[in-house]
Amino acid sequence: MAKKSIDQNINQENLSKTAYALFDFTKKERTFLIVICVLISVAAIIAPYTYPAMWFGFFLAAYSAIANDSIQTIGTFIASNQHRKWYWLWLFMGMIFVATVTYSWVVYDGDVSHQRLSVPGLDRAPEGFVFLQLAAPIVLLIMTRLRMPVSTTFLLLNVFTYKAGTIASVMVKSFMGYILAFVLAIVVWFALERLMKNYLKGKPKPYWTILQWITSGTLWSVWIMQDAANIAVFLPRQLGVTEFLIYTGFVFVGLGFLFYLKGDKIQGIVNEKTNVTDVRAATIVDFVYAIILFYFKMYSNVPMSTTWVFIGLLGGRELAIAIGKHGKAKNKKAWRFRAFKLASNELYKATIGLVVSLILAVVINEGIRNEILDYFR
């Protein structure tokens, strides 16, 4: 009886903590939750009307995707340039965005996704929308608010894919990206650990700032080539002049808002990593990341989750730094445990986003359900 009473007390205590945490979150995020409720209501009302639903979904996807994925590309840029005016950072990255999507629009006959939406399973523009397709970017907004590095590729593209094989190809390419980034980060940062430990001391030379802006701009452009598809998936596959101007203008303004907020809640994932506020470390992170993304861009037109590549890169980097540290055995063990915890925590959160996207894809797309059922028959 005594043991049962203790277990009940423990369960009641855990329940009380959970209830209090939920109440505290609701109190702090009251305005945000009201906005989410309004967006859900609008999505339910507007879903049957194709043209308004298309733009509503695009506006939500544009902000939510960039807000969540900002940690991958401009996260280290923001972290290492906190002393600079936000509007100079915005104009620099904003103009690179405009140039990158304009190039794709001109060269690929109205396609702003750099042919990522030309693969079978994604090549058809939506002819109508259901509520869950419009709800996907709202779910992404919530996960972003909770500081979860969710794959926008999985969450937004999967709900529009009409072939299960396409989802499988995206997943395989993304997992390959994670493994490559994780291994490459360990190799690079383990080799550089002693050098960087001595070289990162003191004030950075002025040329490091120039190198970082060049590297960050290149990474941002390559990232757009991969992830513009996540935003454009709501729109026709070939955009007219007016549609292109709305697409480009809205994202450009949204970037300004994001820089004004200094990355918002999700930026904390970058700031907690080792030395990323140092312009030299940020430059190396961006350089390695840009090389990996460019390799996979040339590899095939199949979209991939840049989020999985990014968390693999940062996870491998943290582990390499922890392994390379010198000191007492107890301290080394603590450093490695912290690195493993950071890497596994972000992988866990990204996996949650993958599971949610797969559930939405199966529920929404009849073709995918039939393919899965046929496979098990």
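Predicted model: local features only at pLDDT ≥ 70, side-chain atom pairs only at ≥ 80, totals over all residues.
The chain contains 15 helices and zero strands. Of its 377 residues, 49% are buried. Among contacts with a separation of 6 or more, 86% are between residues 24 or more positions apart.

The largest nonpolar core comprises 95 residues. Within this core, the residues with the most contacts are Phe-58, Leu-134, Trp-220, Tyr-247 and Leu-313. Helix H3, spanning residues 50-73, gives the most to the core, contributing eleven residues. For Phe-58, when neighbours within four places in sequence are left aside, the contacts are Ile-231, Phe-234, Leu-235, Ile-246, Tyr-247, Phe-250 and Val-251.

Helices H9 (residues 206-232) and H12 (residues 279-299) pack with their axes 8 Å apart and at an angle of about 30°. Because angles under 35 degrees count as roughly parallel, H9 is roughly parallel to H12. The crossing of H9 past H12 is left-handed. On the H9 side, the contact is made by Trp-208, Thr-209, Leu-211, Gln-212, Thr-215, Ser-216, Leu-219, Val-222, Trp-223, Met-225 and Gln-226. H12 contributes Val-279, Arg-280, Ala-282, Thr-283, Asp-286, Phe-287, Tyr-289, Ala-290, Leu-293, Phe-294, Phe-296 and Lys-297. By residue class, the contact of H9 with H12 consists of 14 nonpolar, six polar and three charged residues.

Key
Residues numbered from 1 in each chain as written. Heavy atoms only, no water. Axes fitted to C-alpha atoms, helices over the stretch in contact; angles between N-to-C directions. Helix = DSSP H or I, 4+ residues; strand = E, 2+ residues; numbered from the N terminus. Parallel < 35°, antiparallel > 145°, perpendicular 65-115°, else oblique. Left-handed = near helix turned anticlockwise from the far one by under 90°. Contact = heavy atoms within 4.5 Å. Nonpolar A, V, L, I, M, F, W, Y, C, P; charged D, E, K, R; others polar. Core = buried A, V, L, I, M, F, W, Y, C linked by side-chain atoms within 4.5 Å. Buried < 20%, exposed > 50% of the residue type's maximum accessible area, 1.4 Å probe, protein only.
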